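My notes follow, in the order I went through them.

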Amino acid sequence: MREVIRLYGGLLPVSWRDGVAYRGRVWLDIFRMFFPLLMMWVWLTIAQQQGGSVNGLDSNFFVRYYVTAAVVAQVSVTSISMVWDDAIRLGTLSSMLLRPADPVHHLLCKELCRRALAASAGIPMLIIVLIVTGGYPGNPLKFLLGIAALLIGFMLNFFMATAIGMLAFWLTQVQRITLLWTGIGSFLAGGVAPLRLLPHWFQDLAAVLPFKATLGTPVELLTGDAAVLAGLRGLGAGLVWTAVALLIYRVLWRRGLRQYSAVGA
């Protein structure tokens with residue numbers, strides 16, 4: 001444990017300085033907010049056509065939900081699978097392996113700092129929107145659980161994307177797999193439509209899959225729309241799936257490295 005603390009104590013300041021020096025990259029993350037805001041406009045239009053609400057959910061709910069979803073996506077979504085794909089295909093992984101620490105630690109620190117910079121802009125905006133739409137101040141416990149869910153969502157996204165990136169040891173179409181995974185995940189996580197609007201069987205399915213923990217759970221907690229017990233179950237599911245994704249990544253990493261070394265990289 002001390003070695004891990006010492007390792008991250010050295011890597012995080014370097015990654016933070018790198019993130020601040022190249023903070024222009026953060027503006028690229030703003031594009032992740034486009035899809036939730038587009039869906040907000042779609043649902044606001046539907047609500048207006050149906051007399052101001054959809055299944056009892058009014059315009060304030062959709063603004064609160066999708067602005068929160070936009071901030072959650074900006075903070076927790078990562079494209080690290082593309083980084084692994086390029087490193088493995090182009091051979092730059094060889095230089096990464098020369099470092100004393102596992103490459104995943106360097107990449108995780110870089111992503112953590114980038115997400116922290118994104119959060120520094122997104123969280124204040126989120127609080128303002130929640131105040132305007134009546135979602136804040138609410139239950140402070142739910143908000144704190146929402147922050148925890150946001151961190152778990154980031155870690156889950158990171159290790160799922162890393163596991164997918166490991167497929168580049170054997171495949172050349174990892175980017176297509178990433179896009180497919182992201183598309184399915186957006187629907188099951190509550191990005192296309194709030195899960196409350198979908199059939200109960202679909203909600204039950206989403207609850208046992210990993211995607212809801214990356215978006216739906218933190219959004220529902222941050223907006224105060226989820227019960228504390230349901231939020232705790234969501235946090236537990238997110239932790240379990242993070243452990244599963246981490247295990248899959250480690251298995252693929254070890255097997256992939258053997259193949260990578262065998263071909264002389």
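I began with Asn 55, which sits in the loop between strand E1 (53-54) and strand E2 (57-58). For the record, helices (H or I, at least four residues) and strands (E, at least two) are DSSP runs, numbered from the N terminus. Asn 55 is not a glycine, yet I find a positive phi of about 50° there. Asn 55 counts as exposed because its relative accessibility is 65%; the scale is buried under 20% relative accessible area, exposed over 50%, partly exposed in between (1.4 Å probe, protein chains only).

A note on the source: this is a predicted model, where local features need pLDDT of at least 70, side-chain atom pairs count only at pLDDT 80 or more, and totals for chains, interfaces and linings use all residues. Residues are numbered from 1 along each chain as its sequence is written, and side-chain values use heavy atoms, with hydrogens and water left out.

Next, the aromatics. I get 14 aromatic pairs in the structure. Rings of Phe, Tyr and Trp (its six-membered ring) pair if their centres lie within 6.5 Å; planes under 30 degrees apart are stacked, over 60 edge-to-face, the rest tilted. I call Phe 159 and Tyr 249 tilted because their planes are at 35°, with ring centres 6.2 Å apart. That pair links distant parts of the chain, 90 residues apart: Phe 159 is in helix H8 (residues 140-166) and Tyr 249 in helix H12 (residues 228-262). Phe 159 is buried at 9% relative accessibility, and Tyr 249 is buried at 1%.

I also looked up Phe 187 and Phe 202, an edge-to-face pair at 5.3 Å centre to centre and 80° between the planes. Phe 187 lies in helix H9 (residues 174-189) and Phe 202 in helix H10 (residues 200-208), so the pair ties together parts 15 residues apart in sequence. Phe 187 is partly exposed at 37%, whereas Phe 202 is buried at 9%.

One aromatic cluster takes in Trp 84, Phe 154, Phe 158, Phe 159, Phe 169, Trp 170, Tyr 249 and Trp 253.

Last, how do H8 and H9 pack? Their axes come within 9 Å and cross at roughly 150°; axes are lines fitted to C-alpha atoms, for helices over the stretch in contact, with angles from 0 to 180 degrees between N-to-C directions. In contact (heavy atoms within 4.5 Å), Met 160, Ile 164 and Gly 165 of H8 meet Val 174, Ile 177, Thr 178 and Trp 181 of H9.
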